[in-house]
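Open the model in your viewer and have the selection panel ready. Each stop gives a selection, then what is there.

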Amino acid sequence: MDLGIAGRKAIVCASSKGLGRACATSLAEAGCEVVVNGRNRDAVEATAADIRKATGAKVVAVAADVASPDGQKALFAACPEPDIVVNNNAGPPFRDFRELTREQILDGVIANMVVAIELTQKAIDPMVKRKFGRIVNITSGTVKAPLFGLDLSSGARAGLTAFMAGVARSVAGANVTINFMQPGTFATDRLASNIEMNAKKRGIPFEQAKAERMATVPARRFGLPEEFGATCAFLCSSHAAYITGQNLLLDGGAFPGAF
Ligand SMILES: NC(=O)c1ccc[n+]([C@@H]2O[C@H](COP(=O)([O-])OP(=O)(O)OC[C@H]3O[C@@H](n4cnc5c(N)ncnc54)[C@H](OP(=O)(O)O)[C@@H]3O)[C@@H](O)[C@H]2O)c1
């Protein structure tokens with residue numbers, strides 16, 4: 001399918017690895033010019049080179065912390081008027097909520113709520129003017145089905161979802177959409193480190209913890225980042241113009257509800 005977005009400019013935050021990288025790759029395959037981002041310069045430049053080689057697209061690497069004002073400035077200096085913004089950032093570590101300090105709670109809210117709002121503020125008016133814009137927020141399946149220990153992640157991302165729900169309706173008439181992707185368990189470094197932590201805590205081998213986690217997914221496997229990336233590119237496509245303010249759960253059937 002031609003996604004109808006060749007030549008569009010995209011900023012994909014936190015994209016040197018994992019789900020962000022997969023979104024950047026799929027957008028580049030669709031013909032977009034892409035800004036990729038991560039804090040580790042070598043990693044982000046290597047990712048940019050890989051995507052360029054694989055797709056022939058223009059890919060710019062921005063080594064910066066997306067949560068910092070300077071990092072955001074650097075992203076918009078590389079792409080001043082993006083047509084597409086994929087908001088992504090690291091999630092807070094797994095922790096009993098009793099242990100969280102006020103500072104850690106505020107940091108989590110900044111990382112998983114405030115940053116995406118700030119980037120949307122910067123991107124949205126030119127999108128409205130051009131009558132095309134796609135904002136995709138990578139949140140988490142835990143927004144829909146909270147998981148004890150990821151409470152800060154669930155809370156901050158649910159806050160973002162509610163905040164953006166009104167914003168999405170305010171710009172829908174200008175062909176600017178804002179949607180949310182809720183990953184369940186995708187095979188990335190983040191998932192591997194979660195499983196490792198769980199295995200250590202319970203004193204069991206990594207492979208056992210991994211198999212147990214996989215067995216909780218009706219699809220009986222973890223999601224592939226490229227499946228996530230392809231879905232993101234579709235949400236950014238010209239065909240998805242009538243989809244806005246929606247939460248798309250990608251979890252291999254793990255959430256047990258009909259709705
Ligand atoms: N994988 C899953 O199954 C799953 C499930 C639910 C939710 N999620 C959420 O989805 C998001 C992506 O997860 P993932 O699995 O793709 O993680 P990942 O494999 O650990 O990749 C994270 C990426 O974000 C970059 N990054 C982290 N902090 C950054 C910052 N402050 N500024 C710029 N870049 C930053 C990392 O590069 P640097 O470290 O070099 O900065 C890396 O490229 C996370 O918020 C995660 O909580 C994932």
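Start with the pair α1 and α2. Helix α1 passes helix α2 in a right-handed crossing. The contact of α1 with α2 divides into three nonpolar, three polar and three charged residues. Keep in mind throughout that this is a predicted model.

**Stop 1: the α1/α2 contact.** Select residues 18–29 for α1 and residues 41–55 for α2. The axes lie 10 Å apart, at an angle of about 30 degrees. Angles under 35 degrees count as roughly parallel, so α1 and α2 are roughly parallel to each other. Now show side chains. From α1, pick R21, A24, T25, A28 and E29. Their partners in α2 are T47, D50, I51 and T55.

Stop 2: Is α1 mostly covered or mostly exposed? Mostly covered: nine of the twelve residues in α1 are buried. Colour L19, G20, A22, C23, A24, T25, S26, L27 and A28 to see the buried set. Then step past the end of the helix. G31 follows α1 and has a positive phi, near 95 degrees.

**Stop 3: the α4/α5 contact.** Select residues 102–130 for α4 and 151–171 for α5. The angle between α4 and α5 is about 20 degrees, with 8 Å between their axes. These two helices, α4 and α5, are therefore roughly parallel to each other. Their crossing is right-handed. On the α4 side, show Q104, I105, G108, V109, N112, M113, A116, I117, T120, I124 and V128. On the α5 side, show L152, A156, R157, G159, L160, F163, M164, V167 and V171. Colour by residue class: the contact of α4 with α5 has 14 nonpolar residues, five polar and one charged.

**Stop 4: T139.** Is T139 buried or exposed? Its relative accessibility is 4%, so T139 counts as buried. Which residues does T139 touch, leaving out those up to four places away in sequence? Select R157, L160, T161, F180, M181, Q182 and P183. Two of these, R157 and L160, also belong to the α5 side of the contact with α4.

Notes
Residues numbered from 1 in each chain as written. Predicted model: local features only at pLDDT ≥ 70, side-chain atom pairs only at ≥ 80, totals over all residues. Heavy atoms only, no water. Axes fitted to C-alpha atoms, helices over the stretch in contact; angles between N-to-C directions. Helix = DSSP H or I, 4+ residues; strand = E, 2+ residues; numbered from the N terminus. Parallel < 35°, antiparallel > 145°, perpendicular 65-115°, else oblique. Left-handed = near helix turned anticlockwise from the far one by under 90°. Contact = heavy atoms within 4.5 Å. Nonpolar A, V, L, I, M, F, W, Y, C, P; charged D, E, K, R; others polar. Buried < 20%, exposed > 50% of the residue type's maximum accessible area, 1.4 Å probe, protein only.
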